[in-house]
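Reader: I have a structure to read and would like to learn how its features are described. Could we go through them one at a time?

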Amino acid sequence: QLDEGGAGCLRSSAMRRLAEFTGFEGDDEEWRAEYTALCADLGCDPLWGIGVEAFRRLVDDATDKGCHCSDTELRDFLGLPPPAEEELDPPASVLLAQQYRMHPTMNRFPSQQFYGGQVGDDISTRQRP
């Protein structure tokens, strides 16, 4: 978990782990300068940390100022498994043998055009005026 203490912001140590994961190799002094500049670019207070929206902008930013990470890279960094690929079966298709609502003359068109004439009429629909 990156959010130390559950404050809703990522502080310097958490962001450094991400920076090192994405290639930062500097020492503590270089990291302090980098983190301060990063917070300034994102409009965040370095003492408070980087909030969710700022973090999202950072990892979605493919420019030199950003730290672009794909969802897969972020999952790898956090040690999360890949998302399960859901194999969903398509819903079963059901064709009614007969309909109960329309007068047979109204049913004729959709039955023939869309269902190959397979939808019949219940006797109760034939008794309607």
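Predicted model: local features only at pLDDT ≥ 70, side-chain atom pairs only at ≥ 80, totals over all residues.

Reader: Where does leucine 95 lie?

Author: Leucine 95 belongs to the loop between helix H4 (71–78) and strand S3 (98–99). Its relative accessibility is 40%, so leucine 95 counts as partly exposed.

Reader: Next, the charged side chains. How many salt bridges does a search of the whole structure find?

Author: The general idea is a side-chain nitrogen of Lys or Arg within 4 Å of a carboxyl oxygen of Asp or Glu. The search of the whole structure gives 3 salt bridges. In one of them, glutamate 20 pairs with arginine 16, and their closest N and O atoms are 3.0 Å apart.

Reader: Is arginine 16 buried or exposed?

Author: Arginine 16 is buried, its relative accessible area being 15%. Buried means under 20%. Glutamate 20, at 40%, is partly exposed.

Reader: Which residue meets arginine 16 in a salt bridge at 2.5 Å, N to O?

Author: That residue is aspartate 28. Aspartate 28 lies in helix H2 (residues 28–42) and arginine 16 in helix H1, so this pair ties together parts that are 12 residues apart in sequence. With a relative accessible area of 46%, aspartate 28 is partly exposed.

Reader: And what is the salt bridge partner of arginine 56?

Author: Arginine 56 pairs with glutamate 53, and the closest N and O atoms are 2.6 Å apart. The two are 3 residues apart in helix H3 (residues 52–60), so about one helical turn separates them. Arginine 56 is partly exposed at 41% relative accessibility, and glutamate 53 is partly exposed at 48%. As for shared partners, salt bridges join Arg16, Glu20 and Asp28 into one network.

Reader: Now the interior. How should I read a nonpolar core?

Author: In soluble globular proteins, nonpolar side chains tend to be buried together. Here the largest nonpolar core has 20 residues, and Met15, Leu18, Leu42, Ile50 and Phe55 have the most contacts inside it. H1, H2, H3 and H4 are the elements that each give two or more residues to this core. The largest share, 5 residues, comes from H2.

Reader: Which residues is methionine 15 in contact with, leaving aside its neighbours within four places in sequence?

Author: With those neighbours left aside, methionine 15 is in contact with Leu10, Trp31, Tyr35, Leu38, Ile50, Phe55 and Leu58.

Reader: How do I tell the two sides of a helix apart?

Author: Find the buried residues, then look at how they are placed around the axis. In H3, the residues Ala54, Phe55, Leu58 and Val59 are buried. They cover an arc of only 125 degrees around the axis, and therefore lie on the same side of H3. The face turned away from that buried side carries the exposed residues Val52 and Asp60.

Reader: What do the buried residues of H3 pack against?

Author: They pack against strand S1 (9–10), H1, H2, strand S2 (50–51) and H4.

Reader: Where does threonine 63 lie?

Author: Threonine 63 is in the loop between H3 and H4. Its relative accessible area is 46%, so threonine 63 is partly exposed. Threonine 63 and phenylalanine 21 are 42 residues apart in sequence, and their C-alpha atoms are 18 Å apart in space.

Reader: Can we read another helix? Which residues of helix H5 (residues 104–115) are buried?

Author: Pro104, Asn107, Pro110 and Ser111 are the buried ones in H5. Seen down the axis, they fall within an arc of 125 degrees, so they line one face of the helix. On the face turned away from the buried side are the exposed residues Met106, Phe109, Gln112 and Gln113. Of these, Phe109 has already been named in the nonpolar surface patch with Leu95. The buried residues of H5 pack against S3, strand S4 (120–121) and helix H6 (123–126).

Reader: What comes just after H5?

Author: Glycine 116 follows, and takes a positive phi of about 60 degrees.

Notes. Residues numbered from 1 in each chain as written. Heavy atoms only, no water. Patch = residues over 30% accessible without salt bridge, like charges linked within 9 Å, V, L, I, M, F, W, Y side chains within 5 Å. Areas by Shrake-Rupley, 256 points an atom, 1.4 Å probe, with all protein chains shown as cover. Helix = DSSP H or I, 4+ residues; strand = E, 2+ residues; numbered from the N terminus. Buried < 20%, exposed > 50% of the residue type's maximum accessible area, 1.4 Å probe, protein only. Core = buried A, V, L, I, M, F, W, Y, C linked by side-chain atoms within 4.5 Å. Contact = heavy atoms within 4.5 Å. Arc of directions from axis to C-beta.
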